[in-house]
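Colleague: I have a new model open and would like to walk through it with you. Could you start with how far it can be trusted?

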Amino acid sequence: MSEANSSEPQLGRMQPLLQDGSFEEALEALEHVVEHLERGKLSIADAIAWYEVGLGLMRRCGMLLEQAELRIGVLEESYGMAPGG
């Protein structure tokens with residue numbers, strides 16, 4: 001029996017996004033983590049767990065943005081476009 005308001009199920013649902021989430025999914029989850037932490041009603045242990053997931057989501061977003069930038073660079077190069085316009 002778990003409570004509907006329990007932080008564990010919500011936190012657990014974010015774990016798969018660390019590996020397989022789209023940029024949009026990871027960013028939305030990161031925003032949720034920030035809002036949850038800003039409420040300030042967590043134990044230290046829970047706050048650290050949420051913070052850790054937030055760092056992972058931030059890393060996922062950064063990695064996906066880097067991949068997008070690289071892909072755009074390859075596309076621009078293949079179409080003979082100079083970088084930066």
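Modeller: This is a predicted model, and the chain averages a pLDDT of 87, with 85% of the residues scoring at least 70.

Colleague: Where in the chain is confidence lowest, and where is it highest?

Modeller: The lowest confidence is in H1, which has a mean of 72, whereas the highest is in H4, at 96.

Colleague: OK, and how many helices and strands does the chain have?

Modeller: There are four helices and zero strands, and if you read from the N terminus onwards the order of elements is α-α-α-α.

Colleague: Tell me about H4, then. How many residues does it have, and what distance does it reach?

Modeller: Helix H4 covers residues 44-78, which is 35 residues, and from its first C-alpha to its last it reaches 51 Å, close to the 51 Å expected at 1.5 Å a residue. After H4 comes Gly80, which has a positive phi, near 70 degrees.

Colleague: Which residues of H4 are buried?

Modeller: The buried ones are Trp50, Val53, Gly54, Gly56, Leu57, Arg60, Cys61 and Leu64. For the chain as a whole, 24% of its 85 residues count as buried.

Colleague: And Leu55, is that one buried or partly exposed?

Modeller: Leu55, which is also found in helix H4, counts as partly exposed because its relative accessibility is 35%, and the buried class takes in only values under 20%.

Colleague: Changing topic, where does Gly12 sit?

Modeller: Gly12 lies in helix H1, which spans residues 7-14, and it counts as partly exposed because its relative accessibility is 39%.

Colleague: How far is Gly12 from Val53, in sequence and in space?

Modeller: Gly12 and Val53 are 41 residues apart in sequence, while in space their C-alpha atoms are 9.4 Å apart. Val53 is also one of the buried residues of H4.

Colleague: Last one: of the contacts between residues at least 6 apart in sequence, what share joins residues at least 24 apart?

Modeller: Within that set of contacts in the chain, 65% join residues at least 24 apart.

Note on methods: Residues numbered from 1 in each chain as written. Predicted model: local features only at pLDDT ≥ 70, side-chain atom pairs only at ≥ 80, totals over all residues. Heavy atoms only, no water. Helix = DSSP H or I, 4+ residues; strand = E, 2+ residues; numbered from the N terminus. Buried < 20%, exposed > 50% of the residue type's maximum accessible area, 1.4 Å probe, protein only. Expected span 1.5 Å × (residues − 1). Contact = heavy atoms within 4.5 Å. pLDDT = per-residue confidence, 0-100.
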